[in-house]
Structure formats: C-alpha cells, structure tokens
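I opened my notebook to look through one protein model and write down what I found.

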Amino acid sequence: MNPVSNVSFDNTAVAFSSKSDTELYKMYLLFKTMNNNTLVKFGGKLLNTAINLHLPVKFIIKPTVFSHFCGGETIEESERAIKELSTYNIGTILDYSVEGEGNEKSFDATMNELLRTVEKARGNKAIPFSVFKITGLINIKLLEKVQAGITLTAAEKTAFERGRERVNTICKRCYEADVRVFVDAEESWIQEPIDNLTYEMMELYNKEKAIVYNTYQLYRHDRLAVLKRDYENAVAKNYYLGCKLVRGAYMEKEAKRAAEIGYANPINPSKQATDDLFNKALQFCVENIDRIAFCNGTHNEASCYLLMELMDKHNIARNDERVYFAQLFGMSDNLSYNLANAGYNVAKYVPYGPVREVMPYLLRRANENTAIAGQSSREFTLISKEMHRRKATK
C-alpha cells in the first residue's frame, strides 16, 4: 500500500470487478499458456502459417486471444468493451491495429477509418483520445529518405505531401471535434520526420489546449533532452505541448539494425537507465503542467505510484484533464481499475480490426508478455489470487 496515494495495485477485488467467474477462469487459462515461452513461440508460428494458408482458424482465435486483447473487428463490435470500461470510469482509445499494404489506396482507407474513430469519440466522454501511426498514412520508405537527407523525386515529394495532408485532415478533425489524438512513436530511423509533422500539427491545433500529442519512447537515451527541447519550442511558439510517455516498443529491432549498419545503439544500456529517464520525464511534465498535458503510458507500478506522489506534491487534482494514465486492453487491469477507482483519469488502448489483419499485433502482445520480465507471471499471480479470494468468500 502506498501511503501517499492510498491505492494498492494488489487489490484484486477492484482489479477484476468487471469479470465474472467464468471470464476470470478464461483469463487464468490464457495467461497460464502465455507463461510458456516455447508454447507461445511455437503457437505463434503455427497460427501465422495457418492464416497465410487461409486455413479456418478464426473460430479458435477470435473467442480466445483476440477477444482478450481486442475490442472487436469493427468500431461497432468494440461498443461492448467501450461500455464495460466506461462503467468503471475507464476511457477507451480506439486503436485501428491493421497494418496497411503501404500503397496510396491503403493509406486513404486507413485515414477514413481513423476519421470514423474521431467521429465516434466526438462528444463521447467514454472515448477521450484517438490515436494513429504516421506509417499508416505515409510510405515508410519516404520517411526513411527524408530522415537520411536524401532528396526526393518530384513524384516522391507529391506522395509525401499527400501523406502530410492525411495527417492534417485527421488532426484538423480532432481539433474541430475537440478530441485529443496521440501520434504514436515508431523506429528511430523514421522518427525525425514523424516528430516534425507532429510539431507542425501542434503549432496549428494546440493554441488553446493540447489536442495533438507526440509520443516519447524513453528507452531511447536522447528522448528526455528532446522532450525538454520540445517544451522550449512550445513556449517560444505559444502552443501547448501534448506528450505521451512510454518506455518503447522496438528494442530488439533497434539494437539489431544499429549492429548491422554500425552506428551507436539509440537504446539505453540498461532497464534501470530507462526507468530513471522515464521517471525524470514524468517529473518534468508535472513541473511544467501549465504548458504540458501528458499521458503516463505504462504498465510499470513504480512509475504509476511516482506520478500519484508527484500529483499530490504539486497539488494537481486526480481528475485534472491534463494528466492521464493508460494501459493496453487485456493487460494490467490491477493498475487501470484501481487508478480509476481512486479517481484518476485512466484510458485503455483498445485495438480493433479484422482478425486476420490484427494477427501481427496479437503475436507481438503474446511475445511481449513472455519477454517483459514477470509480466505474464504477474498477471497470472493476480488472477489466481482473485480466484482464491472469491472461492473463500463464497
């Protein structure tokens, strides 16, 4: 129990209050399976092969791993998850998790779907944010060339401008609908143009308050310095800085590419260094709350307790709209539900999309749960504890 916040992330009665005994047992089986690294890797490869061969495996995936980590195949199917989370004062961030084909047609289709999520969020307190990846709207090869300083051809310049217009269309719609939007971070070798497009949108739409939020992956050793630089720019240009703080999602890929090409790995040398940087970023955001609105996007209990303590210290109300906590749907309910129960602003990333197209996302979730030290074990232990508690109280 934390003495400042009076919130315990071990309170399983609150954490699983939305789950029936049957649903809890289903989660128990899922995380028990995910505790087995070999089974996850072998099962993932098997499912990928089955899907590529167009074998009928949807009936296995959809009611199990898909239903746990995703809201549904469409926005409409996700309504049940939105309502359930809202009942417990947890917001939904509809995350269209389809990885496009990388052509103009797929970019336009993605933009139109993202605009649908903005319209769903318009005037809807249950959906406080929208979110998108710029690589869903612009060809990744163009972003690579821009960051590398390679001159674009006339056709490439036109394509990049079309991508920029898609980004602007979404951000403008968010501004008009009064819906905040996260621009997700991506790999370091394309992050610079993503950042620059996001700053451009902030300058356009964050004059009155933060609508557009950039994402900072604090496992990169330079991101705290970038956050501070971005704050100075926001002050100089008189707009509000929106920040989503995360630890990061591409560690193995980043290290591999750095080794192959022969440049310094942009990732921190240790987990402790990342934790320290993340917590310093939290502190910086709190200390500059008059100009910054931010989201603490983490499954790390210590970082959640730290932010609660910082909010108490700086007399920031638990429901101050400038501060949010966020976790992924289907993970860390002990954080989300206990924070919301204590009056903090909380939202869950709720992925959706056709089962086949969302499989890359699901496989990453499964692998991350086994790779993150103790993540599956922690989930499994809490679920087991709640099952025992319920049994004892019957």
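These are my entries on the structure shown above.

**Whole chain.** I noted that the model is predicted. I looked up the secondary structure of the protein chain and found 16 helices and 8 strands. The chain has 394 residues, and buried residues make up 54% of them. I then turned to contacts between residues at least 6 apart in sequence, where 77% join residues at least 24 apart. The surface came next: the chain exposes about 18000 Å². Carbon and sulfur atoms supply 54% of that area.

**Helix H5.** I picked helix H5, which covers residues 79-87. Which of its residues are buried? I found Ala81, Ile82, Glu84 and Leu85. In an α-helix there are 3.6 residues a turn, so residues three or four places apart point the same way. I next asked what the buried residues of H5 pack against. Two of the partners are helices, H6 (104-121) and H14 (333-341). The others are strands, S1 (91-96) and S8 (346-352).

**Asn89.** After H5 I came to Asn89, which sits in the loop between H5 and S1. I looked up its phi and found a positive value of about 60 degrees, although Asn89 is not a glycine. I wrote this down because most residues other than glycine have a negative phi. Is Asn89 buried or exposed? Its relative accessible area is 58%, and the cut-off for exposed is over 50%, so Asn89 counts as exposed.

**Ser332.** I also looked up Ser332, whose phi is near 55 degrees. This is again a positive value in a residue other than glycine. Ser332 lies in the loop between strand S7 (323-328) and H14. H14 is also among the elements that the buried residues of H5 pack against.

**Val7.** My last entry is on Val7, which I found in the segment before helix H1 (12-15). Val7 has 4% relative accessibility and therefore counts as buried. I then checked the C-alpha atoms of Val7 and Asn338. The two residues are 331 residues apart along the chain, yet these atoms are separated by 6.8 Å.

Methods: Residues numbered from 1 in each chain as written. Predicted model: local features only at pLDDT ≥ 70, side-chain atom pairs only at ≥ 80, totals over all residues. Heavy atoms only, no water. Buried < 20%, exposed > 50% of the residue type's maximum accessible area, 1.4 Å probe, protein only. Helix = DSSP H or I, 4+ residues; strand = E, 2+ residues; numbered from the N terminus. Contact = heavy atoms within 4.5 Å. Areas by Shrake-Rupley, 256 points an atom, 1.4 Å probe, with all protein chains shown as cover.
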